[in-house]
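Biologist: Could you walk me through this one? I'd like to go slowly and ask things as they come up.

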Amino acid sequence: MVALKVHSENIPQSARLTLQTRNIGEETTVIRCLDWDRDRFDIEFALKNGTTYNSFLIEGEKKALIDTSHGKFKKLYLEKLVSLVDLSTLDYLIVSHTEPDHSGLIKDILNLAPQITIVGSKVAIQFLENMVHQPFESLIVKSGHTLDLGNEHQLEFVSAPNLHWPDTIFTYDHKTSILYTCDVFGMHYCDDYLYDEEPDLLEKDFQYYYDCLMGPNARSVLAALKRIEKLEIKTIATGHGPLLQHHIPKWINAYSKWSKEQSKTDNLVVVFYDEDYGYSEEIARNIIKGLQKTEVTIDLVDLSTTDPHETRQLVYQAKGLVLGMPSQNNAKAQTIVNTILAVGNPKQAIGLFESGGGEDEPIYPLRNKFQEIGLTEGFPPILVKTGTTPSLEKMASEAGTDLGQWLTRDRSIKNMKSLDSSLEKALGRISSGLYLITAKKGEIAGAMLASWVMQASLEPIGVAIAVAKDRAIESLMYPGDRFVLNVLEEGNSQGLMKHFLKRFPPGSDRFAGVKTYRATNGSQILADALAYLECVVTSRTDCGDHWIIYSNVQTGRVSKVEGLTAVHHRKVGTHY
Ligand code: FEO
């Protein structure tokens, strides 16, 4: 760590955002944006050593930029880029994935170089259309596709979905043998060493980064590693931290070892979809979003590219299956569906969804077949009427969470039972009030009965709420989101509790039959609440199986001056 400290101390306080530009191969330049002080990432990911955002320029007969940078580097990055290349000659911007730390300047690049073609996975291009709100030329790529920049810079793309975003692709340049991986193999480590000469300094951050970002998708990591096996790699050009060149087998082996360990699980869910058909991919990814809130391992499999042998092995290991309807005209996918039917067993749960491609395999006859075999339905069939909508995406995500919760219920019960009985009784003596949280974001509304709520600050007025990580409303409570905290009244809370404790089918209206009116922030105020507070989320803290959501209170009212808050007394602390 000595070398790191010397470097950090040499950076003047006024220059904590710096740039490093180097040649890393023939006609290839890296622009590293060094963010020396960044101490948080993805809300819960604490950093000790800052981070970097790495962008790359390849100048063959055609010119391509791979990724941009974080918005905070706008001035520094664009000035540097203009000094390196005439932007009107840029042909391509390859987007490895669309998270803002790499895509934050895409809109600026589009304004400066409107002729540019954006290259990315199908999902990345869809995300970008919603992000930049302006027309642009695009090229959708996936594994096996190539792009010839001339002068021997033949680029080959590798799909790497779920690492750690759904839209990730790698790019391999056959001339320089550089593999561009963005987040994958990265680390949040800011130093002016360009390469990994001293692995001992990096190991800890490399593993921490893997644990936080890649570990939850270990099976997808293994699938991506398999896809890059055949490549002769001289440099791994990551999007964060140093580029890897001196110890490549060590880094790849570490990913492989950790991912194999993580993949040993009792609760594997295999999600079968058809990447090129209808809305199959979008719906599958939303189901996965919901599954990820629970402790299951997920494998995403394309019905059109897998084979019956791989399918048999996966279905045999799986506890949960999700299947998107393929086209009736896709003979290969039909064979895979028949394989799933042949191997599926009554100990498994299954969820089916339509793909909305116009020629879907009918969902109900297939549902009947799985029921005849004895599989449990993890969620009701998801039907697609007019493409994807925020409501359909929410329904898919909630369906995923329902399936994940069902599969992990035994483990949760076991964990609760393992608690010492005196301890659980003592814990149960912590009392709290009863509340209903209502939240709204765009078209999506949610509600949750809550009791772990407390005032947390006076200046500014703030409240803290514990929300289980597998609750649907969790996705509506990120910094900047708004909600209403309804305070339930003693003697008048039973009906509301009964209503909101019901198990709601995915996507259903939680407020049907409940009298409400709209708060200024758009969420619902319960007409029968004793009081309400309108809040805006300012931070989230990771607390095991819950998030602590700290929020500032903007306004509030009491409906009855005399009323008392409903109090929640528990016998044991292992339940709400
Ligand atoms: Fe470094 Fe997923 O963004």
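Biologist: How much space lies in the second largest pocket?
Modeller: Bearing in mind that this is a predicted model, about 1,000 Å³ of space lies in the second largest pocket.

Biologist: And which residues lie nearest its centre?
Modeller: Those are A223, R227, L300, T305 and E310, and they belong to a lining of 34 residues.

Biologist: What is the lining like by class?
Modeller: The lining of this second largest pocket has 13 charged residues, twelve nonpolar ones and nine polar ones. Domain 1 (17-262) and domain 2 (268-411) each provide at least three residues of that lining.

Biologist: Changing topic, which residues touch the most other members in the largest nonpolar core?
Modeller: In that core, which has 31 residues, they are F170, F185, F206, M214, I228 and Y255. At least two residues of the core come from each of β12 (169-173), α6 (199-214), α7 (218-228) and α8 (248-263), with α6 supplying the largest share, seven residues.

Biologist: What does F206 touch, leaving out residues up to four places away in sequence?
Modeller: On that basis F206 touches F185, G186, M187, L244, W251, A254, Y255 and W258. There is also a second, separate core of 25 residues, and L65, L93, L105 and F136 are among its members.

Biologist: What about phi at D67 and H133?
Modeller: Neither residue is glycine, yet phi is positive in each, near 65° for D67 and near 50° for H133. D67 is in the loop between β6 (63-66) and α2 (74-84), while H133 is in the loop between α5 (122-132) and β9 (137-140).

Biologist: Is D67 buried or exposed, and which is H133?
Modeller: D67 is buried, because its relative accessible area is 4%, under the 20% cut-off. H133 counts as exposed, because its relative accessibility is 63%, over the 50% cut-off.

How values were computed:
Residues numbered from 1 in each chain as written. Predicted model: local features only at pLDDT ≥ 70, side-chain atom pairs only at ≥ 80, totals over all residues. Heavy atoms only, no water. Core = buried A, V, L, I, M, F, W, Y, C linked by side-chain atoms within 4.5 Å. Buried < 20%, exposed > 50% of the residue type's maximum accessible area, 1.4 Å probe, protein only. Helix = DSSP H or I, 4+ residues; strand = E, 2+ residues; numbered from the N terminus. Contact = heavy atoms within 4.5 Å. 1 Å grid on protein atoms, 1.4 Å probe; cavity = no way out; pocket = protein on both sides within 12 Å on 5 of 7 lines; lining within 4 Å. Points joined across faces, edges and corners; volume = space filled by probe spheres on them. Nonpolar A, V, L, I, M, F, W, Y, C, P; charged D, E, K, R; others polar. Domains from an automatic or database assignment.
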